[in-house]
Amino acid sequence: MTLYERLRSLGSRRLRLALVVLLLAATFAQPVIHLERPRYEMIVVLDVTQSMDVHDHELAGRPVSRLSFARDALRRALEQLPCGSKLGWAIFTEYRSFLLFAPVEVCANRAELRATLEGIDNRMAWTGSSEIAKGLHSAIGIAKALPGVPSLVFVTDGHEAPPLHPRHRPAFDDKPGEVGGLIVGVGGSLPVPIPKSDPAGRPLGLWAADEVMQSDPYSLGRATSQRGEAMTEDGDAAPGAGLGATPGAEHLSSLREPYLQLLAAENGLAFHRLLEPGALAEALQAAALARPLRASVDARVPLSALALALLVTLWLPRRPQAGTPRREQR
């Protein structure tokens, strides 16, 4: 049955006219409808260490750094977040994450969010260290301390510097899932030399093999008279096994995807590999990150539309039913 037929079936013309009057009268009371809509509240942490300066992505046919590629994806995602959502920026460098500002409503502060995002670059890093696991847990602590516990989006290539020993990974007391969110992996699959820069962000060439730590500190042994004496008694383990380390080639960098997937699983987070800038918006609006927002919607428009539809049924003739012969005019 069509809407037209449903409205005509409500009763006589007098009853439908009375309903029209009631509907129009109700609009003067300025009624509202309370609906639940999904909104998003998150802290986005951007890795600004020097491996993020590797140019292994493209935008508009031109090679760009991982950090630039991530910023472009975040800029696009910002434009698509629904009003009522909140977003804040943070950075990761050395072994800690630092909050730039707490989440703010995206529609009212879109220009400020865009401008701040553009200002995030490698000049904010002050050391060559990049301890990803510690930085992630530092970011989780920031999110837990904020009102409402926003979701966490941690954007990185996963390159630990110095490398981690699998038996001596950082230990933390966080419970998986206390903070929801995802790790966004950015970077290519092929190892690429890492650009070197000064504190002002000016390029200084590329990092050489003898300028970076190629093995984790535990594998180097104790600083004793016996060179290479093991620091542990629990047997040998392949340095960085399963953690993406590449002993002898740590001056080269690629996306450490298996390691980031491991970190995500251990901390109750999702993982998203950033391949196309436009795909990040969908990942940030996943159902797992949504929170219900009670929104008030003006009900006068739907009430007026229903009244108009009823009025139409009062003046238009009834549609003949299929198979009903029309009366012949004499």
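Predicted model: local features only at pLDDT ≥ 70, side-chain atom pairs only at ≥ 80, totals over all residues.
A disulfide is a covalent bond between the sulfur atoms of two cysteines. The count here comes to 1 disulfide, and its partners are C83 and C107, with an S to S distance of 1.9 Å. C83 sits in the loop between α3 (66-80) and β5 (86-93), while C107 belongs to the loop between β6 (96-105) and α4 (110-118), so the bond ties together parts that are 24 residues apart in sequence. The torsion about the S-S bond of C83 and C107 is about -90°, and the disulfide is therefore left-handed. As for solvent exposure, C83 has a relative accessible area of 52% and is exposed, whereas C107, at 28%, is partly exposed.

Attention then turns to the open spaces of the model. The largest pocket has a volume of about 310 Å³. Its lining is made up of 17 residues, of which G128, S129, A161, W207 and V212 are the closest to the pocket centre. Sorted by class, this lining holds 7 nonpolar, 7 polar and 3 charged residues.

Searching the whole structure gives 1 cavity of 30 Å³ or more, and the largest cavity contains about 30 Å³ of space. The residues around this cavity include the run D174, K175, P176, G177, E178 and V179, together with I140 and N267. The cavity lining comprises 3 nonpolar, 2 polar and 3 charged residues.

How values were computed
Residues numbered from 1 in each chain as written. Heavy atoms only, no water. 1 Å grid on protein atoms, 1.4 Å probe; cavity = no way out; pocket = protein on both sides within 12 Å on 5 of 7 lines; lining within 4 Å. Points joined across faces, edges and corners; volume = space filled by probe spheres on them. Nonpolar A, V, L, I, M, F, W, Y, C, P; charged D, E, K, R; others polar. Disulfide = S-S within 2.5 Å. Helix = DSSP H or I, 4+ residues; strand = E, 2+ residues; numbered from the N terminus. Buried < 20%, exposed > 50% of the residue type's maximum accessible area, 1.4 Å probe, protein only.
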